[in-house]
Amino acid sequence: SSGSSGRLWTVRIFHVHKMAGDEAEKKETETPKEAAPPAPEMPEMKFSQILPMVAMMALQKFDLEKLGYVRHVEVGYILVQILSLGVLYLIYTKICQMSDDGAKIKIPEVVQLGQVVSPAKEQTAKEYDMEKWKEAIKQPLISCVISGGIYYKWGSLLPLVMQALMVPLQLYEAPLTQIHLLGKAKSRPFPAPSLFGLPQAPEPQAEEPAQDKKGSKKAVEGKKSK
């Protein structure tokens, strides 16, 4: 009886060691789950999105041309354009003074209407800010040409008033202004605005291909059989 009980304890100890070894192999072979991507930033309702509606309603009630404010609007429009270019130049000097530590930022691709507008790439913070500055400098120039052309052709004060109100607000809300002039912390890359002016949610990460999953499962089963 003592011999049989000894053999029984030996078998039990063997099974315990085998189960422990299987658990260790399972932990080694299992691929660690990637951490879930952070939740996308909620779109913020900015004052520059509400102001156009308020301005349109005000201009429908008050005729600036009959009130004699044509020259005031023209002078205000020109001053706003000059000041906006001056602020952008100041931001440009701040970007040029940035120290480049070589750390790269992963920039996701920008997709609009199903087409890739900008491919995915990696840039330093200085390169990224300079690229965004080049995009920002084009906006007031294009808007100035369009609104000035409408006013010259049809004499409408509406585009001049809208630009005189919107340009300072959009410039103040811009991430480059917040970082380089106001000293606020903003994460890069900046939320990409959609066609409706709201930040786009980041695309979900691609799942692991089915073949890779099958291959990893077969490798685990092969190790267990060994």
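How much accessible surface does the protein have, and what share of the accessible surface belongs to carbon and sulfur atoms? The accessible surface comes to about 17,300 Å², and 62% of that belongs to carbon and sulfur atoms. Please keep in mind that this is a predicted model. The legends below start with the whole protein and then move to individual views.

Figure 1. Let us begin with the order of the elements. Starting at the N terminus, they run α-α-α-α-β-β-β-β-α-α-α-α. The protein has 226 residues, and buried residues make up 19% of them. Now consider the contacts between residues at least 6 apart in sequence: 66% of these join residues at least 24 apart.

**Figure 2. Helix α4 beside helix α5.** Here you can follow α4, residues 70-96, alongside α5, residues 125-154. Their axes come within 10 Å and cross at roughly 165 degrees. An angle over 145 degrees counts as roughly antiparallel, and α4 and α5 are therefore roughly antiparallel to each other. The crossing in which α4 passes α5 is left-handed. Sorted by class, the residues of the contact of α4 with α5 are 16 nonpolar, five polar and three charged.

**Figure 3. Helix α5 meeting helix α6.** The next helix to look for is α6, which spans residues 158-173. The axes of α5 and α6 come within 8 Å, with a crossing angle of roughly 150 degrees. This pair is therefore roughly antiparallel too: α5 and α6. On the α5 side, look for S143, S147, I150 and Y151; they meet P159, L160 and Q163 in α6. Four residues of this contact are nonpolar and three are polar, with no charged ones.

**Figure 4. Helix α4 packing with helix α6.** In this view, α4 and α6 pack at an angle of about 25 degrees, and their axes lie 9 Å apart. Which way do α4 and α6 run, roughly parallel or roughly antiparallel to each other? Angles under 35 degrees count as roughly parallel, so α4 and α6 are roughly parallel to each other. As α4 passes α6, the crossing is left-handed. From α4, the contact takes in V73, E74, Y77, V80, Q81, S84, V87 and L88. From α6, the partners are L160, V161, Q163, A164, V167, P168 and L171. Grouped by class, the contact of α4 with α6 has eleven nonpolar, three polar and one charged residues.

**Figure 5. P108 in the loop between β1 and β2.** You will find P108 in the loop that links β1 (104-107) to β2 (110-112). Is P108 buried, partly exposed or exposed? Its relative accessible area is 49%, so P108 is partly exposed, since exposed means over 50%. Although P108 and K121 are 13 residues apart along the chain, their C-alpha atoms are separated by 6.8 Å. Leaving aside neighbours within four places in sequence, P108 is in contact with A120 and P189.

**Figure 6. P189 and its cis peptide bond.** P189 sits in the loop between α7 (175-180) and α8 (210-225). What is the peptide bond from R188 to P189, cis or trans? The bond is cis, with omega near 0 degrees.

Methods. Residues numbered from 1 in each chain as written. Predicted model: local features only at pLDDT ≥ 70, side-chain atom pairs only at ≥ 80, totals over all residues. Heavy atoms only, no water. Axes fitted to C-alpha atoms, helices over the stretch in contact; angles between N-to-C directions. Helix = DSSP H or I, 4+ residues; strand = E, 2+ residues; numbered from the N terminus. Parallel < 35°, antiparallel > 145°, perpendicular 65-115°, else oblique. Left-handed = near helix turned anticlockwise from the far one by under 90°. Nonpolar A, V, L, I, M, F, W, Y, C, P; charged D, E, K, R; others polar. Buried < 20%, exposed > 50% of the residue type's maximum accessible area, 1.4 Å probe, protein only. Contact = heavy atoms within 4.5 Å. Areas by Shrake-Rupley, 256 points an atom, 1.4 Å probe, with all protein chains shown as cover.
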